[in-house]
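Hello,

I am handing over the structure below, followed by notes on what was found in it. Please read the notes alongside the coordinates.

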Amino acid sequence: MSTSAPTRPDIRSANTGQTGALNESYADITGSLIEAKVENKAKDDPTRWTIGEESTAPPVRDMRTSATYKEDADVHDNSLVFSNAAYLMMTDTRTKDISDDQWAAVYYASMQVLPQNATFADARAAVEFAARNEDFTDEQLAAVGGELLGGQRRAARAGARRSPTAGWR
């Protein structure tokens, strides 16, 4: 499934660094949510979290795979930092009552508030903001923030810089 179309044009044009990785990640997250709805895939279906499984064997990417940001890595590899955090928060027991439609609303809304050269820290703040606007409970927000923070920590350990304007809530 090709999923680049749902991302913002200014993010799509970036093909390097954290911004490029976020472009790929948002495309993968959006695509997995669309595919789950169209094909009625449950959260425990492993093919729900794979990208390109219909066109290649093995899949191009698997959102269940943890990644560490590397400055010199391909944006597709680095996209797993954020995609894996999305997988972990969507399958966390604390968010089991959040529907795919709600997750889609969260990711769509978060994409709309990202700055042009967005970093993982910017995306973390945007997803938390959008989840609050979707009336996630404190427990659900803890799952969202915790998983996103894990990805941000992996990026920071690898030497990625945090945007000075990123909001931490």
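With which side chain does the side chain of T50 make a polar contact? The partner is the side chain of E53, at 3.0 Å. A polar contact here is a pair of N or O atoms within 3.5 Å; within protein, one must be able to donate a hydrogen and the other to accept it, and residues adjacent in sequence count only if both atoms are side-chain atoms.

Before the rest, the ground rules. This is a predicted model, in which local features need pLDDT of at least 70 and side-chain atom pairs count only at pLDDT 80 or more, while totals for chains, interfaces and linings use all residues. Residues are numbered from 1 along each chain as its sequence is written, and side-chain values use heavy atoms, with hydrogens and water left out.

T50

T50 sits in strand β1; helices (H or I, at least four residues) and strands (E, at least two) are DSSP runs, numbered from the N terminus. Its relative accessibility is 7%, so T50 counts as buried. The cut-offs are under 20% relative accessible area for buried, over 50% for exposed, and partly exposed in between (1.4 Å probe, protein chains only). A polar atom of the T50 side chain also lies 3.0 Å from the backbone oxygen of T47. Beyond its neighbours within four places in sequence, T50 is in contact (heavy atoms within 4.5 Å) with E35, P59, R61, D62 and R64.

Salt bridges

Side chains of opposite charge can pair when their charged atoms come close. A salt bridge is counted when a side-chain nitrogen of Lys or Arg is within 4 Å of a carboxyl oxygen of Asp or Glu. The count by this rule is 10.

One of them joins R94 to D92, with N to O at 3.0 Å. R94 is partly exposed at 31% relative accessibility, whereas D92 is buried at 13%. Elsewhere, salt bridges with shared partners link E35, E39, K41 and E53 into one network.

Within that network, K41 pairs with E35 at 3.1 Å, N to O. E35 is buried, with a relative accessible area of 4%, and K41 is buried at 11% relative accessibility. K41 also forms a salt bridge with E53 at 3.8 Å, N to O. E53 lies in the loop between β1 (50-51) and β2 (61-62) and K41 in the loop between α2 (17-39) and β1, so this pair ties together parts 12 residues apart in sequence.

Regards
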